[in-house]
Amino acid sequence: MTQPFRIGEPRRPAARRVRFSFDGRSLEGQEGDTLAAALLANGVHMMARSYKYHRPRGVLTAGAEEPNALVAVSRGGGRFTPNLRATQVGLYDGLDARSQHCWPSLRFDIGAINGLFPALLSAGFYYKTFMGPRVLGGAQVWTRLFEPVIRRAAGLGSAPTEPDADRYAQFYDHCDVLIVGAGPAGLAAAKAAGECGARVILCDEQAEPGGSLLAERSAIIDGQPASEWLASVLRALRWLPNVRLMPRTQAFGAFAQNFVALNERVTDHLASPSADLPRERLWQVRAKHVVLAAGAIERPLVFPDNDRPGVMLADSARCYLNRYGVRVGAQAVIATAHDSAYRVALDLVAGGVEVPLIADLRPTANGALPQLARDAGLRIATGTRIEGTRGRRRVSEVTITAGGCSETVACDALLMSGGWTPSVHLYSQARGRPVFDAGIGAFVPGTAIANQTSAGGCNGTFGLANVLAEGSAAGRAAAGATRASGPSPAVSNAPEAAGIGLVTPEALPGASAFVDFQNDVCAKDIALAVREGMQSIEHVKRYTTTGMATDQGKTSNLNAMALVADKLGRTLPAVGHTAFRQPYTPVTFGVFAGAARGQLFDPVRRTPIHGWAEQNGAVFEDVGLWKRAWYFPKLGEDMHAAVARECRQTRASVGMLDASTLGKIEVVGPDAAAFMERIYTNPWAKLAPGRCRYGLMLNEAGFVIDDGVVARIGPDRFHVTTTTGGAPRVLAHMEDYLQTEFPELQVWLTSTTEQWAVIAVQGPRARDLVAPLIEGFDVSNEAMPHMSVRDGRFCGIPARVMRVSFTGELGYEINLPSDYGRAAWEVLWERGKAHDCVAYGTEAMHVMRAEKGYIIVGQETDGTVTPADLGLEWAIGKAKADFVGKRSLVRPDMLSPDRPQLVGLLTARPGVVIEEGAQIVTSAEPKQGEHAIGHVTSSYMSPALGRSIALALVEGGRRRIGNKLFTTAPQGTIAVELVEPVFFDKQGERANG
């Protein structure tokens with residue numbers, strides 16, 4: 001098996017041979033190759049089909065910016081990944097890659113018929129056609145026949161059908177200096193910063209550090225060939241314990257305060273990866289200083305049929321030749337508007353490739369590199385124009401015009417260079433504003449971002465000597481060096497490249513001159529968008545989809561902007577640029593999910609008492625992430641019968657509820673009371689240890705976000721309870737204010753929800769049941785009144801007992817270490833049989849609390865409800881100087897008497913239970929468009945009252961008490977009377993018994 005385009009490899013002379021397959025064809029490459037390099041070595045240039053027209057496409061680049069050569073890779077065990085860039089897929093034994101977006105095969109694709117009707121698929125065709133014809137039944141024909149075909153044709157590749165069998169890991173890290181890009185600028189920066197003692201992370205998306213130096217043939221750095229200098233620098237960096245090299249690691253997102261997201265590919269390049277290793281790792285890094293050394297991307301030229309396989313970026317061909325030992329062709333024509341392509345020509349000739357012509361689009365080419373090409377006897381034509389190419393599955397000839405004469409040149413590779421575009425993506429993501437540099441014809445970083453530096457190609461700096469010097473200076477500055485860590489590397493034998501390279505194309509009428517290769521956007525599409533009124537570059541982008549493919553416009557954006565500027569008669573800076581969004585390159589969903597998959601994706605939380613409830617026939621409901629016992633039906637009972645029995649028995653004797661899911665937070669520290677004063681509406685400074693208080697929490701807008709009972713355990717300690725679903729939100733709210741608004745307070749917050757199992761014992765016989773099991777304190781009414789807390793022992797176990805009630809009955813909440821929760825419950829249950837005890841669930845709890853008019857945050861509130869709306873003004877500390885949300889409570893709209901207020905509802909027919917969420921109106925037969933003045937928040941059949949009850953938010957509700965209104969229902973309206981929201985035991989005597 002031969003590799004006809006493989007030449008000798010000075011960088012990897014002993015590379016092992018590797019077997020792989022592409023579209024079922026067995027091929028051979030070399031260890032260290034990318035899939036693209038190996039395919040080119042085997043003479044495979046056609047690797048994909050384009051998105052819209054299904055045109056043959058080959059590799060365009062050698063890196064992450066590749067728009068064409070997207071492949072699907074199967075890795076065994078059901079592992080299948082579509083849309084991988086062949087330029088980034090590391091070769092290994094047994095690699096199975098396949099082309100995609102073609103049928104029945106890559107060589108013969110039925111979809112290529114689209115190319116015969118380009119006018120039907122021009123810019124914006126999806127906006128126009130999906131509106132569909134609206135006459136003569138055309139809409140029916142369209143939606144049933146054509147639209148499904150178009151929708152099936154959309155998309156690139158096929159989604160995996162099997163669950164992802166791989167494992168992913170996520171880490172957080174920090175460093176003094178994070179350097180993105182291990183090219184010459186990044187290496188120089190890492191060496192300088194590392195030698196200054198800074199903790200350095202150097203990441204690069206490629207498999208080995210070096211960047212452009214890996215393809216360097218002739219440069220001399222510090223008196224040694226570039227390859228030897230690179231090896232020596234890498235040895236030095238690996239010896240420095242404060243420097244970490246991270247190859248195969250893409251920095252894909254930059255966020256505020258130097259927070260950078262990295263994606264490390266760990267095993268995709270291994271034939272038999274260890275089961276202990278994840279496929280990828282997500283690194284979330286916070287750095288004191290970030291050095292961006294992401295380099296620059298060569299720009300393609302826009303000319304007719306510039307997308308054929310074999311048409312490539314010039315420097316990519318140099319990379320394949322010098323780094324991988326692969327010729328991209330035997331005869332390569334070079335079309336350029338920049339001096340750097342002349343370096344490519346010289347290296348190709350040295351590698352045995354014939355270069356019959358260098359077609360320079362500029363009127364003159366007088367730099368040092370063009371002179372070297374002339375000295376080497378290469379033919380150069382200036383002032384040229386590319387008229388088009390020919391070739392079926394690979395370019396075979398190119399036609400150029402120079403000096404009014406047309407010429408066709410045979411070739412099997414056409415290498416183009418339109419100059420270089422700095423990679424300002426991460427700088428822009430970090431809220432930097434690029435500015436246009438007319439000297440290089442591209443956007444470069446503008447005003448520096450605090451503690452962030454751009455160096456090298458991504459800063460618009462070119463020339464190896466300049467890049468190395470700028471990288472060294474950036475590394476020293478980032479490390480905060482007070483002394484130089486050594487001189488910048490000296491470079492010789494490296495002529496500078498010159499020429500801005502940006503040339504506005506003049507596409508032939510009807511020709512396919514491609515701007516965005518992946519989305520099949522041509523120059524004529526951009527011209528059409530401008531003609532149809534698109535003037536904003538963001539509108540042009542969306543109308544044509546240029547820059548919206550998986551490559552995010554890395555090779556297309558600047559050419560698209562130049563075309564828009566030309567058509568609008570504006571300068572390119574006046575047109576501006578599109579937004580640079582993360583991720584820089586596509587990232588697998590798996591690395592974002594990490595371990596959060598299967599049951600861990602949406603974890604099911606069970607209380608310590610869950611097993612007992614399950615064994616005793618409980619029906620469960622989901623409350624947040626928790627499974628909570630909903631009700632305990634007996635044989636023959638439906639939900640309503642079971643709930644009614646649980647309510648009646650609890651109010652008549654005693655009931656037990658598993659309340660372990662309540663959020664619990666310890667607020668501890670010398671300033672704990674001061675913190676509570678600020679975070680809750682209630683006063684806390686004078687609350688004595690051993691007492692409890694109902695707490696109400698607002699957001700800055702003055703709206704209720706949570707409530708719960710708070711117990712003061714000591715002068716510096718509070719036991720805070722929250723709603724079941726609100727616990728994480730409340731803790732985050734507290735931490736946010738503690739860290740950003742009240743950092744001077746000495747307070748520590750600890751979530752203890754999982755540490756405590758909680759058994760609520762409620763009912764007139766609750767004291768009789770719990771008293772014999774308590775040691776260390778008296779539970780009599782005198783010694784332990786309502787809203788008090790005591791620490792002692794329960795069944796011999798350390799416990800915290802709170803005398804509180806959510807049913808309106810005499811009640812105790814017994815907090816025990818979670819490991820003892822079920823045992824304590826079972827002891828109570830056995831003793832409770834003598835007291836006619838019942839286990840009740842959340843539905844009975846809801847009914848009993850509604851009978852007492854107690855609210856549930858999230859049910860009686862909707863994010864726009866204030867304490868006054870709920871009748872809870874008494875929970876606001878009137879003498880408090882401030883608390884979160886206080887200033888908002890005095891806004892005029894918050895004081896309006898017409899605000900929705902909590903009231904009770906009694907239906908005219910006691911047996912009718914209103915639907916929760918039902919609208920409340922003023923007339924029995926509301927007219928269309930009539931304004932609803934409220935809605936029902938809770939509605940139940942009350943066993944204590946023997947009739948239905950409901951709570952509602954009604955505009956000006958308190959002044960309407962006694963009035964008759966109506967609620968909407970599917971069968972018509974239901975008459976209701978507005979009453980006070982407390983239906984049962986209005987004086988609260990039962991809880992104080």
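Thr384 is buried in this predicted model, with a relative accessible area of 6%. The residue belongs to strand β21, which spans residues 384–390. Leaving aside residues up to four places away in sequence, Thr384 touches Ala359, Asp360, Leu361, Ile400, Thr401 and Ala402. With Asp360 there is also a polar atom pair: a polar atom of the Thr384 side chain lies 3.0 Å from the backbone oxygen of Asp360.

Cysteines come next. How many disulfides does the model hold? The count is 0. Cys411 is in no disulfide, and the nearest cysteine sulfur, that of Cys405, is 20 Å away. Cys837 is likewise in no disulfide; its nearest cysteine sulfur belongs to Cys795, at 13 Å.

Is Trp103 buried or exposed? Trp103 is exposed, with a relative accessible area of 61%. This residue sits in the loop between β7 (95–98) and α2 (125–129). Together with Phe108 and Ile110, Trp103 forms a nonpolar patch on the surface, and the accessible area of the three together is about 380 Å².

The relative accessible areas are listed below.

| Residue | Relative accessible area | Class |
|---|---|---|
| Thr384 | 6% | buried |
| Trp103 | 61% | exposed |

The buried class applies to Thr384 because its 6% falls under the 20% cut-off, whereas Trp103 is called exposed because 61% is over 50%.

How values were computed:
Residues numbered from 1 in each chain as written. Predicted model: local features only at pLDDT ≥ 70, side-chain atom pairs only at ≥ 80, totals over all residues. Heavy atoms only, no water. Helix = DSSP H or I, 4+ residues; strand = E, 2+ residues; numbered from the N terminus. Buried < 20%, exposed > 50% of the residue type's maximum accessible area, 1.4 Å probe, protein only. Polar contact = N/O pair within 3.5 Å; in protein donor to acceptor, adjacent residues only side chain to side chain. Contact = heavy atoms within 4.5 Å. Disulfide = S-S within 2.5 Å. Patch = residues over 30% accessible without salt bridge, like charges linked within 9 Å, V, L, I, M, F, W, Y side chains within 5 Å. Areas by Shrake-Rupley, 256 points an atom, 1.4 Å probe, with all protein chains shown as cover. Salt bridge = Lys/Arg side-chain N within 4 Å of Asp/Glu carboxyl O.
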